Amino acid sequence: MRDQIAGMQVESMHRPLGLDVKKPRFGWRMASDRRGARQIAYRIRVATSPARLKEDETDVWDSGRVDSDESVNLAFAGAKLQSNRDYYWQVRVWNELGEALDSPVEHWSTGLFRFTEWKGRWIGKKIPMAVNFEQQKPAVYLRKTFSADKPIKRAYAYTTARGLYRFHVNGEEIGKDILSPEWTDYKVRVQYQAYDVTEKLTSGANALGAVLAPGWYSGYVGMYGFENYGKDASFFLQLIIEYADGTRESIVSDKSWKSSLGPITASDIQMGTAYDARLEQPGWDTAHGSEAGWGDVDIFFDFRGWLTSMPTATVQPIEERLPISVTERGEGRYIFDIGQNMVGWVKLRIEEAADAKVVVRHAEVLENGDLYTENLRDAKQTDTYVSNGKPVWYEPRFTFHGFRYVEVSGVSRPLTEADLVGVVVHTNLPLTGELTTSDAMVNQLWSNIVWTQRDNFLSVPTDCPQRSERHGWTGDAQIFCRTATYAMDVSTFFLKWLRDLRDNQQKSGAITDFAPWIEKPIHYPHVGSAGWADAIVIVPWHMYQVYGDVRVLEENFEAIEKWIRHNEDLHPEHIRDIHPQFGDWLSLHDEDTLENESKFPGKTNALSTMPLDVFATAYYAYTAALAADIAGVLGREDRARHYAELSENIKEAFRGAYVEADGTIRGHAQSCYVFALWMKLLTPEQEPLAVRHLVDKIVKNDYHMTTGFHGIKYLLPILTEYGHADIAYRLLLQTSYPSWLYSIRHGATTIWERWDGWTEHKGFQSPGMNSFNHYALGSVGEWMFRYMAGIDLTPGKIGFQRFLIRPVLTDKLEFVHASYDSKYGKIAVRWDRGGMPNEKSYDLVVTVPANTQATVRLPLFAPDSDVREGGVPIAETEGLTLAGRESDALVLEASAGTYRFTVRA
């Protein structure tokens with residue numbers, strides 16, 4: 001393949017529209033199959049038209065030639081960008097051969113930078129209705145006509161809502177995003193969307209329309225009921241038209257618009273959508289549509305928070321899935337099995353007489369052949385359709401459901417698999433990780449992890465997508481975020497969510513336990529919980545390491561300092577002992593921990609076998625150490641020293657309060673030792689004792705783990721790092737309860753919230769908290785990539801430009817094949833022990849992308865193992881250099897290229 005430039009991004013997005021970032025960052029990839037291919041210099045040019053780039057008449061910015069191999073997160077440094085403008089850019093890269101490579105011309109547009117540039121009013125229709133579980137507010141339809149009497153050169157619409165909306169121009173729905181402007185704390189921030197509608201407008205009469213629904217703004221949100229941010233949804237639009245003669249006109253949302261109700265007679269994210277086709281108004285969004293029965297709009301108060309552009313991809317329909325079976329349950333009722341626990345809705349073919357009502361219900365699992373809905377709490381997940389007598393493929397709007405099974409009732413004809421399609425919906429983030437092994441159940445585990453992430457990465461990282469909760473829980477997100485980086489490019493997704501966290505930081509410095517925040521009295525404060533609120537430190541650090549994004553540290557450092565200072569004020573003795581806490585959520589008892597609640601009253605509970613103060617103090621030490629690292633990266637050496645000293649003081653206090661002479665840690669739960677080892681809380685003399693206790697407990701528990709949401713992330717890495725990879729693999733491949741593969745044995749296609757969500761002996765767990773689509777326990781995906789496949793960051797390096805290949809082999813698997821699509825290109829590893837001449841042999845294929853370098857650690861079974869690449873000795877191989885020998889490994893440095901190693905004893 002000839003060297004080329006690909007993967008061009010602005011702010012880690014492809015051709016973003018309406019950005020309000022004044023100094024956007026550029027990125028690209030160098031693609032090549034040559035060994036040693038690398039970039040030695042680049043030149044970025046930005047202009048106001050493609051023609052100017054072609055003629056080398058750059059009128060915005062020319063970086064000049066920069067001798068560097070950097071190709072991600074390179075900030076714009078030209079003249080001040082203007083609002084509502086199209087910008088075009090191109091990069092020239094020089095490779096190590098001195099050849100110049102020109103990229104295609106790419107594009108982005110700016111939004112409105114200043115508040116004073118926004119014109120118009122927030123409009124809608126106030127509906128005097130008391131909402132409850134039986135009655136939700138309908139969608140509101142808005143329209144306006146206008147005339148464009150001159151040729152149009154450019155037209156951009158900037159739209160948003162307090163609520164959800166779909167935007168229409170001349171009878172056409174605009175854009176693929178279906179839950180805009182998505183979820184923020186609407187008291188603080190609302191995001192706007194930008195659409196290029198130049199080709200949608202016509203000379204003469206035009207019509208603009210919008211459908212407006214309650215959504216997160218005034219619908220049922222989280223666990224907190226209805227109308228948490230406001231009572232009625234409102235819409236805002238500014239359409240800026242530039243004519244060919246150089247004049248400009250703005251069409252805005254104002255009192256000249258008209259409003260009506262329509263066929264969406266009830267709308268709610270959690271409850272579902274009610275649609276009455278008899279109330280349809282064909283042509284309502286066209287210039288010649290009838291306005292009979294339409295009334296004036298209501299004008300709402302102006303928004304006084306931040307109005308900002310979308311910093312990440314939007315929620316969109318991603319794929320469609322056909323059912324694998326349908327079962328008739330009698331009386332016009334059918335159960336469809338989609339075959340995959342998913343999030344979205346269904347498209348249903350309806351051929352019913354006028355006035356017939358079809359009901360569509362959704363659930364994750366079945367009980368005795370019917371939908372099991374007890375675990376949904378208050379969420380109904382029910383859509384209804386009243387027919388107008390015309391055949392139709394119907395799909396709901398402004399809602400989403402978590403389900404595998406669908407019940408359709410109220411139909412008069414037999415239904416088959418061809419009558420229903422599942423529509424998968426989530427934030428449209430690129431999938432980046434693939435993993436396949438010789439074990440079908442391990443493959444299903446990775447599939448379950450990815451599907452659970454897809455299902456819950458929907459505007460915010462929710463805990464679950466089905467019951468009346470669906471919060472952006474911080475504890476779940478920080479535990480899973482490193483696994484998430486292998487499965488998807490989540491760089492912009494977490495950038496947005498971290499902004500939500502900062503928006504809701506309390507005056508005290510405390511971080512809320514979920515974001516966006518809903519401030520409503522409840523039995524638990526949901527503020528400042530250890531392991532949850534600590535996400536403000538942990539997530540930015542991981543994003544910086546994986547994506548090389550220093551801005552994520554810069555943006556969050558002030559919030560990090562406030563949070564750490566808050567803890568210093570509360571815990572001057574360095575023991576973080578404040579209750580209640582969540583602890584190692586949903587961990588399990590073993591015979592050693594059954595008496596913890598009586599031995600440490602108030603320090604443990606039925607949902608955390610690790611004492612809460614031990615858990616919280618460990619996290620305090622860990623996050624203080626990370627804060628020191630972050631301050632160091634930012635050049636804040638005084639703060640780095642302070643946080644490093646603080647962390648050491650907390651560790652000393654931890655050891656004094658909780659660690660006994662024989663290495664026993666208070667609580668004696670598996671997670672106690674996992675935390676202490678991973679977070680470096682122990683002295684060198686105490687570490688082997690803790691390892692021994694951990695291993696003994698696992699063996700005593702017949703090679704089963706008892707860790708909860710938090711301990712599970714670190715369990716297999718700790719076992720591997722301390723020489724017990726065999727036990728790590730045994731836990732991975734365990735099929736009896738509790739284990740990952742136990743749920744797969746029983747049909748799971750996503751990760752369960754609880755180890756015992758359902759068991760053969762007890763059936764379903766308590767329905768109050770029993771999701772079958774919850775990613776926290778899926779954080780093992782990080783270990784599967786970093787250790788099993790061996791794709792990892794090089795210590796001290798960021799962004800995968802320098803990375804580590806160090807697969808941990810096992811005789812329990814014949815092969816492992818994994819790839820990770822990094823910012824620099826696809827990294828691939830395949831190790832294979834199947835069909836080898838003896839058990840001490842294997843093949844390893846490694847792909848190192850252009851402009852990167854890998855340290856490859858080849859496991860050796862004997863000091864004199866024969867190691868070759870492409871059939872020749874390592875010393876004779878182009879692109880490889882010997883970096884060192886260890887007692888059980890050969891360490892090589894590999895430049896870009898694909899390498900085929902054979903190791904024979």
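Just after helix α13, G723 takes a positive phi of about 85°. The model is predicted.

Helix α13 spans residues 711-721 and is mostly covered, with 10 of its 11 residues buried. The buried residues are G711, I712, K713, Y714, L715, L716, P717, I718, L719 and T720. The charged residue K713 is thus listed among the buried ones.

Two packed helices are described by the angle between their axes and the distance between the axes. For α13 the partner is helix α16, residues 780-789. Their axes come within 7 Å and cross at roughly 30°. Angles under 35 degrees count as roughly parallel, and α13 and α16 are therefore roughly parallel to each other. On the α13 side, the contact is made by K713, L716, P717, T720 and E721. On the α16 side, V780, E782, W783 and Y787 take part. By class, this contact has five nonpolar, one polar and three charged residues.

An α-helix has 3.6 residues a turn, so residues three or four places apart point the same way. The α13 contact list includes K713, L716, P717 and T720.

**Cavities**

Rolling a probe the size of a water molecule over the atoms shows where empty space is left. In this model the count comes to six cavities of 30 Å³ or more.

The largest cavity is lined by L445, N448, S739, W740, S743, I744, I751, W752, R754, W755 and L777. Two elements give two or more residues to this lining: α3 (440-456) and α15 (740-745). Helix α15 supplies the largest share, three residues.

The second largest cavity is lined by E11, S12, R25, N73, S491, T492, L495, Y547 and D549. Here helix α5, residues 491-503, gives the most, with three residues.

**W752, a lining residue**

W752 belongs to the lining of the largest cavity. Its place is the loop between α15 and β37 (758-759). Is W752 buried or exposed? Buried means under 20% relative accessible area; W752 has 8% relative accessibility, so W752 counts as buried. Leaving aside neighbours within four places in sequence, W752 is in contact with S743, G757, W758, S771, F772, H774 and L777. Among these contacts, S743 and L777 also line the largest cavity. W752 and L612 are 140 residues apart in sequence, and their C-alpha atoms are 23 Å apart in space.

**T273, a buried strand residue**

T273 lies in strand β20, residues 272-276. At 2% relative accessibility, T273 counts as buried. Residues up to four places away in sequence are not counted in what follows. T273 touches I264, A266, T382, D383, T384, Y394, P396, R397 and T399.

**Backbone exceptions**

Most residues other than glycine have a negative phi, and most peptide bonds are trans. Which residues depart from this?

H526 has a positive phi of about 60° although it is not a glycine. H526 sits in the loop between α5 and α6 (535-547). With 5% relative accessibility, H526 counts as buried. D702 is another non-glycine residue with a positive phi, near 55°. D702 is found in the loop between α12 (687-700) and α13.

Cis peptide bonds come next. The bond from S180 to P181 is cis, with omega near 5°. P181 is in the loop between β13 (172-173) and β14 (189-196). Y737 and P738 are also joined by a cis peptide bond, with omega about -5°. P738 lies in the loop between α14 (725-732) and α15, and α15 is the helix that gives three residues to the lining of the largest cavity.

Notes. Residues are numbered from 1 along each chain as its sequence is written. This is a predicted model: local features need pLDDT of at least 70, side-chain atom pairs count only at pLDDT 80 or more; totals for chains, interfaces and linings use all residues. Side-chain values use heavy atoms; hydrogens and water are left out. Buried means under 20% relative accessible area, exposed over 50%, partly exposed in between (1.4 Å probe, protein chains only). Helices (H or I, at least four residues) and strands (E, at least two) are DSSP runs, numbered from the N terminus. Axes are lines fitted to C-alpha atoms, for helices over the stretch in contact, and angles run from 0 to 180 degrees between N-to-C directions. Angles under 35 degrees count as roughly parallel, over 145 as roughly antiparallel, 65 to 115 as roughly perpendicular and the rest as oblique. Contact means heavy atoms within 4.5 Å. On a 1 Å grid over the protein atoms alone, a cavity is a set of points where a 1.4 Å probe fits but cannot get out, and a pocket is an open set with protein on both sides within 12 Å along at least five of seven lines; lining residues have an atom within 4 Å of a point. Grid points are joined across faces, edges and corners, and a volume is the space filled by probe spheres set on the points.
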